[in-house]
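Good morning, and thank you for the time.

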Amino acid sequence: MPEFINGAKIKIVKDYDSLSQTAANWVIDLLSQRPGASLLVPTGTTPEGMYSLLSEQSADTFQGVKFYNLDEYCVADQDSYRFLDHNDDRSYRYYMSCKILNAIPTIQSFFPEIDNIGTPGTYDKFIRANGGLDLAINSIGEDGHIFGFNIPGSEFDSVTRLIPLNEETRQVNARLTGGDIPTHAISSGIQT
């Protein structure tokens with residue numbers, strides 16, 4: 001039975017499989033009520049089970065659905081930054097392709113762009129201009145970071161911007177990918 005804490009509906013489940021099924025059911029229920037919905041989606045180990053279950057659905061279920069990814073790694077390139085190549089297995093574009101986008105090609109997928117460095121919030125404006133979000137799926141990092149790489153203490157009115165990654169996060173993510181993790185990312189803000 002869900003309970004409410006500070007206005008948020010909280011549902012406690014017994015294990016990871018239950019978590020994955022519950023999250024997948026929420027997405028499927030949303031899409032049955034709002035075909036073509038827009039979702040803010042994470043990467044990492046937490047959502048993998050949900051993406052696996054969603055990948056079993058018909059591509060028609062996801063017709064017109066938009067996935068706005070929370071973040072993407074970027075690396076310093078002389079006096080500017082660039083994203084990892086989409087075929088680099090450390091890239092979140094690569095992750096999303098492997099976890100769900102290759103299985104459900106009807107999903108429209110978007111990522112924050114480099115222009116959020118010079119003009120923070122550009123991604124947020126793009127999302128709003130395309131109808132906003134119907135659901136934000138969040139996972140929480142070991143250091144408590146939420147909605148991308150918003151570490152504890154991030155401003156509630158933060159927008160998509162360049163984020164330096166702390167060493168703990170880089171080490172955890174290096175264990176997941178087996179590769180060296182960049183020192184920065186473009187990440188959605190809490191306000192996003």
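Predicted model: local features only at pLDDT ≥ 70, side-chain atom pairs only at ≥ 80, totals over all residues.

Let me begin with the parallel sheet. Four strands make up this open sheet, and their order is β7-β4-β3-β8, with parallel pairing. Its edges are formed by β7, residues 108-110, and β8, residues 135-136, each of which pairs on one side only. Strand β3, residues 38-41, is joined to β8 by two bridges in the parallel sense. Within that pairing, L40 has A136 of β8 as its bridge partner.

The other sheet I wish to discuss is antiparallel. It is likewise open and has four strands, here in the order β6-β5-β10-β9. At the edges stand β6, residues 80-83, and β9, residues 161-164; each has a single partner strand, so one side of each is left without a neighbour in the sheet. Direction ignored, neighbouring strands of this sheet are turned by 40° against each other on average.

β9 and strand β10, residues 184-187, run antiparallel and are joined by four bridges. R161, for instance, has S187 in β10 as its bridge partner. Strand β10 also pairs with β5, again in the antiparallel sense and over four bridges. In that pairing, the partner of Y73 is A185 of β10.

How many of the seven residues of strand β5 are buried? The answer is five, so this strand, which spans residues 71-77, is largely enclosed by the rest of the structure. β5 also pairs with β6, antiparallel and over four bridges, and A76 stands opposite Y81 in β6. The two strands form a hairpin with two residues between them. In the turn, Q78 has a positive phi of about 60°.

I turn next to the charged side chains. Over the whole structure, the search finds eight salt bridges. One of them joins R34 and D134, whose closest N and O atoms are 3.2 Å apart.

E167 is partly exposed, with a relative accessible area of 45%, whereas R170 counts as buried at 14%. R170 also meets the side chain of D180 in a salt bridge, at 3.5 Å from N to O. D180 lies in the loop between α6 and β10, while R170 is in helix α6, so this pair ties together parts that are 10 residues apart in sequence. D180 itself counts as exposed, at 56% relative accessibility.

There is also a network of salt bridges, linking E72, R93 and E113. R93 has an aromatic contact as well: R93 lies over the face of F83, at 4.7 Å from the ring centre.

Let me take Y68 and Y123: their ring centres are 6.2 Å apart and their planes stand at 70°, so the pair is edge-to-face. The cut-off behind that assignment is an angle over 60 degrees. Y68 lies in strand β4, residues 66-69, and Y123 in helix α5, so the pair ties together parts that are 55 residues apart in sequence. Are these two tyrosines buried or exposed? Y68 is buried at 0% relative accessibility, and Y123 is buried at 3%. Finally, Y68 and Y123 belong to one aromatic cluster together with F110 and F126.

Thank you for your attention.

Notes. Residues numbered from 1 in each chain as written. Heavy atoms only, no water. Pairing = 2+ DSSP bridges. Axes fitted to C-alpha atoms, helices over the stretch in contact; angles between N-to-C directions. Salt bridge = Lys/Arg side-chain N within 4 Å of Asp/Glu carboxyl O. Buried < 20%, exposed > 50% of the residue type's maximum accessible area, 1.4 Å probe, protein only. Phe/Tyr/Trp six-rings, centres within 6.5 Å; stacked < 30°, edge-to-face > 60°. Lys NZ or Arg CZ within 6 Å of the ring centre and 35° of its normal.
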